[in-house]
Amino acid sequence: MSLSQAVLNQDRLALSRLLTRVENDSEEGRAALNELFPHTGKAHLIGVTGAPGTGKSTLVNQLALHYRKAEKRVAIVAVDPSSPFTGGAVLGDRVRMRDLYGDKGVFIRSMASRGSLGGLAQTTAAVVQVFDAAGFDVILIETVGAGQAEVDVARLAHTTLVVEAPGLGDDIQAIKAGILEIADVLVINKADRPGVENTERALRGMLELAHPTRRVFQHHGQRMVVDAPPKAEEQQPIWVPEIKRVTAKDGIGIAELGETIARHVAFLRAGGEWAARERAQLQATFDALVQEKLFSQFLAKLSPEGYDALISKIVARERSPWEALEEVIQ
Ligand SMILES: Nc1nc2c(ncn2[C@@H]2O[C@H](COP(=O)(O)OP(=O)(O)OP(=O)(O)O)[C@@H](O)[C@H]2O)c(=O)[nH]1
Ligand SMILES: [Mg+2]
């Protein structure tokens, strides 16, 4: 039996092996992705991002438990974890977490950071496709929200949770990185800590400053396909990010957060944005592949010396980058 067939049959060892091949972008991995692709497009992808230590992993574990209660199969992808996902300290409530780890309906994968930034998002997209094909209903993707790479990864998700916690400084780091733009739900974790009110006030202030009408077109990616701007009467309702307080370590507020996420899914489906987002995401994947392929073909033709010589001409101001392009194309 092929590896992808075994994955479709929910063989965990095969799944684990295939994920490694996909992460390494091996020939076998790509072939398996081709076979699996027709089986994708069913899972709900939830991105969980935020500054280090805000409690993302704890929250992800709680959400996994939440969805397991509804008998959904849950995959967890921890992208470039700053602390190992299976480490004891990460798991606030060890007893309950042990339930999660012995559970056949849960699969946890930690991914190390890949070379290029675009590569990280692409690799994550491929890993997520494997889980999707393998029949996981919910895929939780944890990233440390710091820069563009995390924003790109978050764009894969249907629903993005941005996690904040009181006492991390009132400047709210994640928002500096433009992460507010991609938040569907702002989660204030560690609501048991002092300073929650301040954090919530700061977040509300930021939200009011943002222009919610822009989200219809810009949400989750500048490449969102919009044929024509909708007429006023056809305009879609806008999702205004909700702010939710939770205490992930004690599982407080998780059910309510689950309801908010369900409302977001209903919103995406009703307004056609689920499909639009999927299209934008697959387009981004395809575009990235085309760019990668064409660029490597171009490099193969030019020889490393020829390429270096061209760059040197640009540096010496003998050619502008645009002239160099014309020269190379001809
Ligand atoms: N007081 C309090 N502490 C919490 C809560 N949730 C998580 N923590 C603690 O916060 C610390 C960080 O939690 P993690 O879940 O590892 O946070 P993280 O955002 O995944 O961290 P990185 O992946 O390293 O960025 C741990 O010591 C948790 O026990 C909470 O609701 N209240
Ligand atoms: Mg973590």
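**Exercise 1. Decide whether Arg317 is buried or exposed.**

Start with the definition: a residue is buried if 20 or more other C-beta atoms, placed from the backbone, lie within 10 Å of its own, exposed if 12 or fewer, and partly exposed in between. Now count. Arg317 has 7 C-beta neighbours inside 10 Å, so it is exposed. Helices (H or I, at least four residues) and strands (E, at least two) are DSSP runs, numbered from the N terminus. Last, check the backbone: phi of Arg317 is near 65°, a positive value in a residue other than glycine.

This is a predicted model: local features need pLDDT of at least 70, side-chain atom pairs count only at pLDDT 80 or more, and totals for chains, interfaces and linings use all residues. Residues are numbered from 1 along each chain as its sequence is written, while chains are lettered from A and ligands numbered from 1 in the order in which they are written.

**Exercise 2. Give the strand order of the open sheet and find its edges.**

Two strands pair if DSSP finds at least two bridges between them. Read across the seven strands: β3-β2-β4-β1-β5-β6-β7, with parallel pairing. The edge strands, β3 (106-111) and β7 (242-245), each pair on one side only. Now look at one pair. Strand β6 (residues 185-188) is joined to β7 by four bridges. Val187 stands opposite Lys244 in β7.

**Exercise 3. Describe how helices α11 and α12 meet.**

Take the axes of α11 (residues 254-271) and α12 (residues 273-302). They come within 5 Å and cross at roughly 85°. Axes are lines fitted to C-alpha atoms, for helices over the stretch in contact, and angles run from 0 to 180 degrees between N-to-C directions. Angles under 35 degrees count as roughly parallel, over 145 as roughly antiparallel, 65 to 115 as roughly perpendicular and the rest as oblique. The two helices are therefore roughly perpendicular. Finally, list the contact (C-beta atoms, placed from the backbone, within 7 Å). Leu268, Arg269 and Gly271 of α11 meet Glu273, Trp274 and Arg277 of α12.

Note on methods. Two residues are in contact if their C-beta atoms, placed from the backbone, lie within 7 Å.
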